[in-house]
Amino acid sequence: MKQILIAGMIGLVLSLLGTPALIKLLAKNGYGQFIRDDGPRAHASKRGTPTMGGIAFILATLVAYFVTKAVSGQSPTASGLLVLFLTVGLGLVGFLDDYIKVVKQRSLGLRAKAKLFGQSFVGIAFAVLSLQFHDARGITPASTNLSFVRDFSWSVGPVLFVIWAYFMIAAMSNGVNLTDGLDGLATGASVMVFGAYVFIGVWQYGQSCAYMAKATADCYEVRDPLDLAVVAAALMGSCFGFLWWNTSPAKVFMGDTGSLALGGALAGLAICSRTEMLLALLGGLFVIITLSVIIQVGSFRMTGKRVFKMAPLQHHFELKGWSEVLIVVRFWIIQGLCVAVGLGLFYAGWVTQ
């Protein structure tokens, strides 16, 4: 359990102290946020704020994880490395997107096909690799069985699993990306979900089939639950440190570099911890905001009318006159409720077995 505390603390300190240095570097090179003209007018003042800040918490997470392993004398696990691979891989896709935005001054960044290719390559590679690396008991980081609070008893097979995993990864990475529209909103919401996965990893480790003298229906068949908790703790601490500088008025934005990476990390943790469908509840705010965009686009195409003043949902409330801080705090409350209900269902799934 010391690994979790060490990883979280290192991630927090590195991100908290390292982000100002990154801000200076980004500002020096002119890597400022490009603001679209069709967005809320209040966002005009944010033009030029350093972006690509996700680099800070990605690097802090990596250092926190590997230093924790070195200090504890433990080797990295396949599950932990795969989640980090997904995080960094999608972060690189986001970095290219951000770089084009700030250097080429093209607000849409990467072309849609190029961005889709990058996300697909990383997501599918993760899905395929997660079905490899059997441990001594024959358990792989991911399972072809769909899951809610644990695996269901039927398998969809490797091909459908890869498709399902890619859908999850794309949906969550784009969901966090859409949520990252107000100072600190996506960062704070992500901290809560990573905290939930620290709890889930620790609980699964304590009830793991691998460590029970006799496996029962109550135990969890998860390959590396404690290491997943370590990764989640490193991410939580790193995001918490970054939030100090990202909260309103933000000194730096995470950019697509950060939002795609965080979405990938959440999807990876859900897949490897066998809580795939539970993620839709734990990350409820991301789901709600994504649905607002789908509803807005669908309604406009079918009826020519818009449901919201603007999508994603947070901008609708901005145009209704809510202050940015008010929206962020209330949306954090919604996210906190989603996490509480999700963890309640996770615990209920254990006690009812």
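Biologist: How do the residues lining the second largest pocket divide into nonpolar, polar and charged?

Modeller: This is a predicted model, and in it the lining of the second largest pocket has 12 nonpolar residues, 2 polar and 1 charged.

Biologist: What volume does the second largest pocket have?

Modeller: The volume of the second largest pocket is about 280 Å³. It has 15 lining residues, and those closest to its centre are Phe167, Ala171, Met172, Ala280 and Val287.

Biologist: Which helices each supply at least two residues of that lining?

Modeller: Helix H5 (157–179), helix H9 (279–282) and helix H10 (284–303) do.

Biologist: And which gives the most?

Modeller: H5, with 6 residues of the lining of the second largest pocket.

Biologist: Changing topic to cysteines. How many disulfides does the count come to?

Modeller: The count comes to 1 disulfide. Cys209 is joined to Cys219, with an S to S distance of 1.9 Å.

Biologist: Where in the chain are Cys209 and Cys219?

Modeller: Cys209 sits in the loop between helix H6 (185–206) and helix H7 (225–246), and Cys219 is in the loop between H6 and H7 as well. The two cysteines are 10 residues apart.

Biologist: Is the link right-handed or left-handed?

Modeller: The link of Cys209 and Cys219 is right-handed, with 85° about the S-S bond.

Biologist: Are Cys209 and Cys219 buried or exposed?

Modeller: Cys209 is buried, and Cys219 is buried too.

Biologist: What about Cys338, how far away is the nearest cysteine sulfur?

Modeller: Cys338 is in no disulfide, and the nearest cysteine sulfur, that of Cys239, is 18 Å away. Cys338 has a relative accessible area of 13%, so it is buried; the limit for buried is under 20%.

Biologist: Now Tyr220. Where is its place?

Modeller: Tyr220 is in the loop between H6 and H7.

Biologist: Is Tyr220 buried or exposed?

Modeller: Tyr220 is buried, because its relative accessible area is 3%, and buried means under 20%.

Biologist: What does Tyr220 touch, not counting residues up to four places away in sequence?

Modeller: On that basis, the residues Tyr220 touches are Val149, Arg150, Trp203, Gln204, Gln207, Ser208, Cys209, Phe346 and Trp350. One of these, Cys209, is a partner in the disulfide with Cys219.

Biologist: And what separates the C-alpha atoms of Tyr220 and Tyr205?

Modeller: A distance of 8.0 Å, with the two tyrosines 15 residues apart along the chain.

Biologist: Stepping back, how many helices and strands are there in the chain?

Modeller: The chain has 12 helices and 2 strands. From the N terminus, the order of elements is α-α-α-α-β-β-α-α-α-α-α-α-α-α. The radius of gyration is 20 Å, close to the 20 Å from the globule rule for 353 residues, so the chain is as compact as a globular protein of that length.

Biologist: What box do the C-alpha atoms fill?

Modeller: Roughly 60 × 50 × 35 Å along the principal axes.

Biologist: What share of the 353 residues do buried residues make up?

Modeller: Buried residues are 52% of the 353 in the chain. As for contacts with a separation of 6 or more, 76% of those in the chain are between residues 24 or more positions apart.

Terms used
Residues numbered from 1 in each chain as written. Predicted model: local features only at pLDDT ≥ 70, side-chain atom pairs only at ≥ 80, totals over all residues. Heavy atoms only, no water. Disulfide = S-S within 2.5 Å. Helix = DSSP H or I, 4+ residues; strand = E, 2+ residues; numbered from the N terminus. Buried < 20%, exposed > 50% of the residue type's maximum accessible area, 1.4 Å probe, protein only. 1 Å grid on protein atoms, 1.4 Å probe; cavity = no way out; pocket = protein on both sides within 12 Å on 5 of 7 lines; lining within 4 Å. Points joined across faces, edges and corners; volume = space filled by probe spheres on them. Nonpolar A, V, L, I, M, F, W, Y, C, P; charged D, E, K, R; others polar. Contact = heavy atoms within 4.5 Å. Rg over C-alpha atoms; globule rule 2.2 N^0.38 Å.
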